Structures are given as C-alpha cells and as structure tokens.
There are 2 protein chains.
Amino acid sequence: MSDTHEYIGMPRDEIDTPVLLVDLPALEANIHKLADHFRATGKNLRPHTKSHKTPAIAQLQLAAGAQGITCAKVGEAEAMADAGIQDILIANEVIGRRKIERLMDLASRCDIMVAVDHPQNLQDLDAAAAARGVRPRVLVEVNIGHNRCGVQPAAVVELARAAQAAENLRFCGLMGYEGHVIDLEDKDERDGGCHQCIQRLVDARADIEAAGLPCQICSASGTGDYYISTSFDGITEVQAGSYALMDAAYGRLNLGFDNALTVLTTVTSRPSPEQVITDAGLKSLTPEHGFPPVKNRPDLECHALSEEHGRLKTVAGPCTDLQPGDLLEFIPGHGCTTINLHDRLYAVRDGRLAAIWEVAGRGKVR
Amino acid sequence: MSDTHEYIGMPRDEIDTPVLLVDLPALEANIHKLADHFRATGKNLRPHTKSHKTPAIAQLQLAAGAQGITCAKVGEAEAMADAGIQDILIANEVIGRRKIERLMDLASRCDIMVAVDHPQNLQDLDAAAAARGVRPRVLVEVNIGHNRCGVQPAAVVELARAAQAAENLRFCGLMGYEGHVIDLEDKDERDGGCHQCIQRLVDARADIEAAGLPCQICSASGTGDYYISTSFDGITEVQAGSYALMDAAYGRLNLGFDNALTVLTTVTSRPSPEQVITDAGLKSLTPEHGFPPVKNRPDLECHALSEEHGRLKTVAGPCTDLQPGDLLEFIPGHGCTTINLHDRLYAVRDGRLAAIWEVAGRGKVR
C-alpha cells in the first residue's frame, strides 16, 4: 500500500524516502529513441520487462511500437497478462510440474511463448499442453557462447525438429543470449564479442532452414548491443530492457540513453564533516554492479552500503551544506535487481509526483 | 498470495521453486539456545527482526523469553505492531516530517523506543510527540567505533541531558552498534574489537550516570558477540537477530547455531557435465557476503549468479546424477537481504510443509 499522505501533484521533495523515482521525461525519451531505431531498421522490439517489472512501463513501450514483451519467469508473465498484455515471451526454460501447469494456464489467456533446450522438457510441455487443450509457442534456445542455457549449435536441428513435430506446441524459431559480452565497457570488445555470438545464432537459423524447418522468430540481444543484432538479416527481434530506465553500469557504456531511475534518500546522520549517512542501503539498492553515484554531487562518493544506510565520504575536504533531513539521489548500479526490492515506482515530472506505478512483477521468481 | 496448490503437510519437494525454506527444528533449537544463555546471564534479549522481518518468528522469540524486539525502520515496526507486538526499539534515527508522524502514530498503539544522535532530531521528536499527545521512549545512540551513526562519546552527556529534559519523550538510556567488528571471522580479532567497543558504551553509561542521568537501558551487540556484551555489568540488553535463521557468512564464525535457512532451487539446464544451472539467482538470494554453498553437495560450487540463474560447476570431474527438474538447496550468504527478496517463508518439519509465514516487513524501507 502506498502512503495515504501521497497524492498526484505533490512535490517530489515531500515523498517519504527511500523511494525509487522515475524521471518521466527521461523514460519517455529513452522509449522513443529505441522505438525510432526499430522503426528505421524494420526489426521488432520485444522489451525485456525483467528490468522494470512494471505493467505501466510495458504499456508505454507497446504504445511506442514494441510488438510484444519478454519476461524471465512465469510469475512475471502472469503479472503482465493480468494487465492485459497478450504477446509474451518467457526467455527461459520452464521446468517442473507446477510451473508448467501455470504456463499452460497462461497459454489459455494470452499468446505465450517459451524457450526450450532439452528434449525431456519439450515432451513435458507437449503433454501438459495436450492435457490443458492449449498450443503455446516455443523457441529453441541456442548456446551462442554464454554457456548458461541453450543447446549447443550442433544439436539445434535435432531439437528444433522435435519441437516442430510436437503436436501441441507451435515451433516458432530460435533465441540466444550473449550475456557474457553484452555489457563489456570497451566498445570494440563488446561489439566484436556480440557480433560473433549473433553470427552463431544466425548460422543456427540457416542450419534449421536448410533442414526444412521454419524460423519465423529469431530473438536475441539487449540494451548493450541492439544496434549490432538489428544489422543482421537473420535476426527478427531484440529483447532490450534496461534502456528504458538505465542504471549506472549501463550508463558507463555511453549508449545515448538517459538515467531515468534514482533512489531518493534522506540524510540521517553526519558523524563528521567528511561523512554523510543516508537512509538507503542494501535493502533499497543493490551493490553487485558497484556502489551508486550521487546525482549532481561529484563531491560525494558512496563507499559502503549497510542494510539500511548509505555511507558517503567527501571526495575533497569537508561537506558543510548537508544536515539530517536533506535529500540526495543515488543512481543505482544495477536497475533490474534494485527495482526488484521495491513495490512501487514514483514517476516524477517537473518536480512533482505524476504517477505511482505498481511493480507488479516484483518478487515473482517462481 | 501463495500458490493455491500449496497446503500444510505437502511434501517439501513439491513446493514450487525458488522458495525460501526454514528448517523448523533448527530454528527452534537456535531460539532456545540463545534464550538459555540470556536466562543464565540475567540479561535481556531484544531480537533484531530486520533479519527475518517475520512476525511469526518474532512471536516464537518472545515466547521463548525475549523481552521485546528491535527493528531498523518505521515500516518494519508498523508490521510488527500490526501483529500485536508491543515493546519495539527502532535502533536507528528517524528523520523527516512524514516518518516522525508515523512514529508518533506507532507510539499511540505500542511502546515504541527510538534512537537519536542529533539535537535537532530530538526537538523534532519532542514537538511531534506533543502534537500527537504521546510520549515515546528514546535512547541516545553512541558512536562506539563503527563511525556510521551515533554521537561521539564526548558529546553523550549533553545530548542525554537534552533528551532527559524533553517533556514529551522518555529518556531511557543508551545504545551502540559495533557493526565493523561484529562479524570478523578471526575470533580473537572479533572478541578484542567488540570488547573495546562495548567498553566505550559502558564508559558512556558511567558518564551520564555521573552527571545524574538515569540509564535504565544500555543496548548493543548481535549474533557475533552477544557472549561478550552479556559479560559486561553495564549492558542490559542485546539486539541479536541473525542467530535465529543464520546464513553462510555467520556460519563461518562457528557460533554453535544451525543453518535454518535455505533456498530450494530446481535444476533447469545442464549445459555440460561440469555445469549445473538452477532457477535461483540474484532475485532469490544476495551475493554481497559470497556465493551460496550448496547444502550436502560438496561436489558442487556456485561460481556466479545471474538475475534468475544460479551457475554451478563441479569441484572435481563431471556430475552425472542431476537432470533438469532435480532439486538443490542453497545456503544464502546473507540471510537479512535474502529474506527481504521474498514474500513468504516456508517452514518445514520432517520433510513436509509445516507453515507458510508472511514476511510482513519485506520491503519496508521507509
């Protein structure tokens, strides 16, 4: 439940902290910038919503031209389907009796698509679809170098053939994910690595087409390399997600998107002139991609996060302008996991609260 | 909402994953072990509930003899007060108009106590208490070496005097937190550091008593050093929290408590005989205190966590017994932040689901 003292139009600086703010003009600019690229290249954008987990943002992306969305988990897809979204890819293997049942429930109310990389899973999906009287879409996931999930390229044709033969599944094509190179800060290294991975996926597409199998969809990539994958004829769609809100880690890649996501935080203690303590720690933002920069305060550096405290030090000399009660903004290192800590996003325009959005996919790991 | 296919008594291995399991006999043993220590030493235990955030566990701790509880945030205290818990310390400064209003609402329905380290905050609390017609308890927080919050020892008497003079507040004493040494793995180093910090707090107590001020409560410490603080005459209570469920980081300290918390996870992919991929990643458990050990599987090592994938490798040679759909258990590196990712804890006894507990304080960072 949001605080009953909150109202649309209230000044940003009166929202209780710590709280996740969305700079609405920056979000809109990011969405339109990428939509323009996809219009120009004639490719489909299927935004990955694991990052924002927020139906309201998915709707903005669809309104701007995205053809469908991507989710990581069945629970996320359920949250998006509850908001009326129809074309959903779960870019992940769905394993286990109960989860497959839920997937088939989803197939009865939206046009779900799921990744497979194992013949037994394919059989389980086919049997569950038959039992439920549905016919979901499947993509064969190819290991294009990430070595996490996906069949080896040499085994793609065999699994694709089995998928095509499964009576209760609609085989639609292939997907891959180059997660090990997609966020490399060195652009040449990133571009080279991603190019090599996408080539593997496009080669796999050629293999299954040579075997007489269709490939309506060939899906890959994200915010760090969308411009590479859209340059390949064989790629039909891209799963970019972080571009909408961005974070400090993707910000370092200088991709031309604005940081639209910050944690508004209150100074709670000043143990010394060189130290500032705030009320946002590990339970408000995540550290795995680095401590958060402080927006518009190059004189301050976050050097540690306790569970409920951000610990800042001055870069040079004492800081005299901050007292307990003053506000600062952190730019999260990793937006995807940071948003997953929060129940709501607070969208701000012109210094005032413009909308409160439910992060309906928050915590939906199952 | 929990899955409608779940029921008390169902086999543990049929609970959908990833899911946080509590080994109920281990939890009970931990609670009783520490309760026995506090009975024997005649000190009060005020368990910190920031770790489990779960009223059902707080009630077990109170039933075993704890005299009250500790929270980190107003929102956590609200969740605990909603469950009927009365004696609550917020071991943190509460800063900001809206949060102080909520604190005074709490004071009207439970016996709340809060930390202060700044004269302006003391004035704000006093004024808000007067406006609301309540009289909450306050402890002056002393910086005993952690350098995060708290007044310097030399300034304690002045702030304690101001707290005692505040007409609408009940000054009850002091608190401190030795967070920089409490989890050192080297026992001699940890014991020495904690002893020094607790001595500073006890010295501060002597200072305010010499100035004619009362000190009914002197509160500090946690799971890593409770046995040190209870050896001091001047300490009245301890804020230990992690002992109840434990985690891999505290497990390395060999404190005699059992690991009662695991993440049940399903194998989702086997990219090679040396690799195992599971469905629990950074959105199911946190990495800041190290990757999670795999319970009862010394042959497997977690070497990376993606957002929704645990990535394991074999320690020596191929692993042949695991297929997609098989179950493993991770022992979280950091229980406090891991539990904060989940809406529910699944308590298990004798291989069957014994209770589903709401993590009512989850996400209550405000």
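This is a predicted model: local features need pLDDT of at least 70, side-chain atom pairs count only at pLDDT 80 or more; totals for chains, interfaces and linings use all residues.
**View 1. Symmetry relation of chain A and chain B.** Within chain B, Leu341(B) has the C-alpha nearest the axis, at 3.3 Å from it.

**View 2. The contact between chain B and chain A.** In this contact, 50 residues of chain B meet 50 residues of chain A. On the side of chain B that touches chain A, at least two residues each come from strand E4 (87-93), helix H4 (97-107), helix H5 (119-132), strand E10 (261-272), strand E11 (275-278) and helix H10 (335-339) of chain B. E10(B) provides the largest share of that side, 4 residues. By residue class, the side of chain B that touches chain A has 12 nonpolar, 22 polar and 16 charged residues. The copies meet through the same surface, because 100% of the interface residues of chain B are also interface residues in chain A.

**View 3. Domain 1 and domain 2 of chain A.** Domain 1 of chain A is made of two segments, 12-19 and 255-358, and domain 2 covers 25-244. The centres of the two domains of chain A, taken over C-alpha atoms, are separated by 33 Å. Contact between them involves 13 residues of domain 1 of chain A and 16 residues of domain 2 of chain A. Helix H10 (335-339) and strand E15 (344-349) of chain A each contribute at least two residues to the side of domain 1 that touches domain 2. H10(A) gives the most to this side, with 3 residues. The residues of the side of domain 1 of chain A that touches domain 2 of chain A comprise 7 nonpolar, 4 polar and 2 charged.

**View 4. Packing of helix H4 and helix H5 in chain A.** Helix H4 (residues 97-107) and helix H5 (residues 119-132) of chain A pack with their axes 10 Å apart, at an angle of about 50 degrees. H4(A) and H5(A) are therefore oblique to each other, and their crossing is right-handed. From H4(A), the residues in the contact are Ile100(A), Glu101(A), Met104(A) and Ala107(A). Their partners in H5(A) are Asp124(A), Leu125(A), Ala128(A), Ala129(A) and Arg132(A). The contact of H4(A) with H5(A) contains 6 nonpolar, no polar and 3 charged residues.

Key: Residues are numbered from 1 along each chain as its sequence is written. Chains are lettered from A and ligands numbered from 1 in the order in which they are written. Copies are superposed by least squares on the C-alpha atoms of residues with pLDDT of at least 70 in both. Two residues are in contact if their C-beta atoms, placed from the backbone, lie within 7 Å. Domain bounds come from an automatic or database domain assignment. Ala, Val, Leu, Ile, Met, Phe, Trp, Tyr, Cys and Pro count as nonpolar, Asp, Glu, Lys and Arg as charged, and the others, Gly among them, as polar. Axes are lines fitted to C-alpha atoms, for helices over the stretch in contact, and angles run from 0 to 180 degrees between N-to-C directions. Angles under 35 degrees count as roughly parallel, over 145 as roughly antiparallel, 65 to 115 as roughly perpendicular and the rest as oblique. A crossing is left-handed if the near helix is turned anticlockwise from the far one by less than a right angle, and right-handed if clockwise.
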